[in-house]
Amino acid sequence: GACKRKGNDLMSFEIKRACQSDAGIIAKIICESWKEAYKDIISKEFITQKTNIDERTKLFEKILYENKQVIYLVFDNDKPCGVCTCDVSKDADLTDTFEIIAIYFLPEYWNKGYGTKTMTYVIGQIKDKGYNRISLWTLENNEQAKHFYEKCGFVSDIIRKCDFDNSLNYERFIYNLKNKR
């Protein structure tokens, strides 16, 4: 449902489950966010390679068709502005854990409360599914994202991994749902 708040931000905030026809807008949000969020962290060539909207759209058409991941689309006044994808964690050392695979917003929506509101909603949804933990991976040198996750209650568990031919280092964060009301 929509949430009203005083001030200009979050006037008409809504989250819904994405459907197959949303693949293009999901791809656009992720590509726009990547270009801005990672410009000082990842090589320009790699960003260009990973922000091909047609390829991303095809990927999300497939993901949405298979219906394995939970994908939320975030709206501001009916304008899609964010996306959050989740699935059961594939980390061998984590049982009873749901993973937030990605949370991205169009850059003009950063630092305005949309991410926090979305994270609160998604954490509630995962808790309602009966999971005890939520995990997520972020680039080790993405200080802005790490600060956001910590603000939302996630804690680094010091586990690291490399991806994309060992060119990117990731750090895992955990949100413990046990003992949280």
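This is a tour of a predicted model, taking confidence, helix packing and salt bridges in turn.

**Confidence**

Colour the protein chain by pLDDT. The mean is 90, and 91% of the residues reach 70 or more. Now select residues 1–8, where pLDDT stays under 50. The model has 13 contacts beyond four places in sequence for residues 1–8. Where pLDDT is low, the predicted coordinates should not be read in detail.

**Helices α1 and α3**

Select residues 23–37, helix α1, together with residues 53–66, helix α3. The axes of α1 and α3 are 8 Å apart, and the angle between them is about 130°. Angles over 145 degrees would count as roughly antiparallel and 65 to 115 as roughly perpendicular, so α1 and α3 are oblique to each other. The crossing of α1 past α3 is right-handed.

Show side chains for the contact. On the α1 side, select Ala23, Gly24, Ile26, Ala27, Lys28, Ile30, Cys31 and Trp34. Their counterparts in α3 are Ile53, Arg56, Thr57, Phe60, Glu61 and Leu64.

**Helices α4 and α5**

Move to helix α4, residues 114–128, and helix α5, residues 143–151. Here the axes come within 10 Å and cross at roughly 50°. This pair, too, is oblique. The crossing of α4 past α5 is right-handed. To see the contact, select Gly115, Thr116 and Met119 in α4, then Phe148, Tyr149 and Lys151 in α5.

**Salt bridges**

Start with arginine 160 and glutamate 140, whose side chains form a salt bridge with an N to O distance of 2.3 Å. Arginine 160 is in strand β6, residues 155–163, while glutamate 140 is in the loop between β5 (133–139) and α5, so the bridge ties together parts 20 residues apart in sequence. Is this pair buried or partly exposed? Arginine 160 is partly exposed at 39% relative accessible area, and glutamate 140 is also partly exposed, at 27%.

Next, select glutamate 171 and lysine 146. Their side chains meet in a salt bridge of 2.9 Å, N to O. Glutamate 171 belongs to strand β7 (residues 168–176) and lysine 146 to helix α5, so that distant parts of the chain, 25 residues apart, are linked. Colour the two by accessibility: glutamate 171 is buried at 5% relative accessible area, and lysine 146 is buried at 12%.

Arginine 172 lies in strand β7 and aspartate 157 in strand β6, 15 residues apart. Which of the two is buried, and which partly exposed? Arginine 172 is buried, with a relative accessible area of 2%, whereas aspartate 157 is partly exposed at 24%.

**The network**

For the last stop, select Glu140, Glu143, Lys146, Arg160 and Glu171 as one group. Salt bridges with shared partners join these residues into one network. The group includes both residues of the arginine 160 and glutamate 140 bridge, and both residues of the glutamate 171 and lysine 146 bridge.

Technical notes. Residues are numbered from 1 along each chain as its sequence is written. This is a predicted model: local features need pLDDT of at least 70, side-chain atom pairs count only at pLDDT 80 or more; totals for chains, interfaces and linings use all residues. Side-chain values use heavy atoms; hydrogens and water are left out. A salt bridge is a side-chain nitrogen of Lys or Arg within 4 Å of a carboxyl oxygen of Asp or Glu. Helices (H or I, at least four residues) and strands (E, at least two) are DSSP runs, numbered from the N terminus. Buried means under 20% relative accessible area, exposed over 50%, partly exposed in between (1.4 Å probe, protein chains only). pLDDT is the predictor's confidence in each residue, from 0 to 100. Contact means heavy atoms within 4.5 Å. Axes are lines fitted to C-alpha atoms, for helices over the stretch in contact, and angles run from 0 to 180 degrees between N-to-C directions. Angles under 35 degrees count as roughly parallel, over 145 as roughly antiparallel, 65 to 115 as roughly perpendicular and the rest as oblique. A crossing is left-handed if the near helix is turned anticlockwise from the far one by less than a right angle, and right-handed if clockwise.
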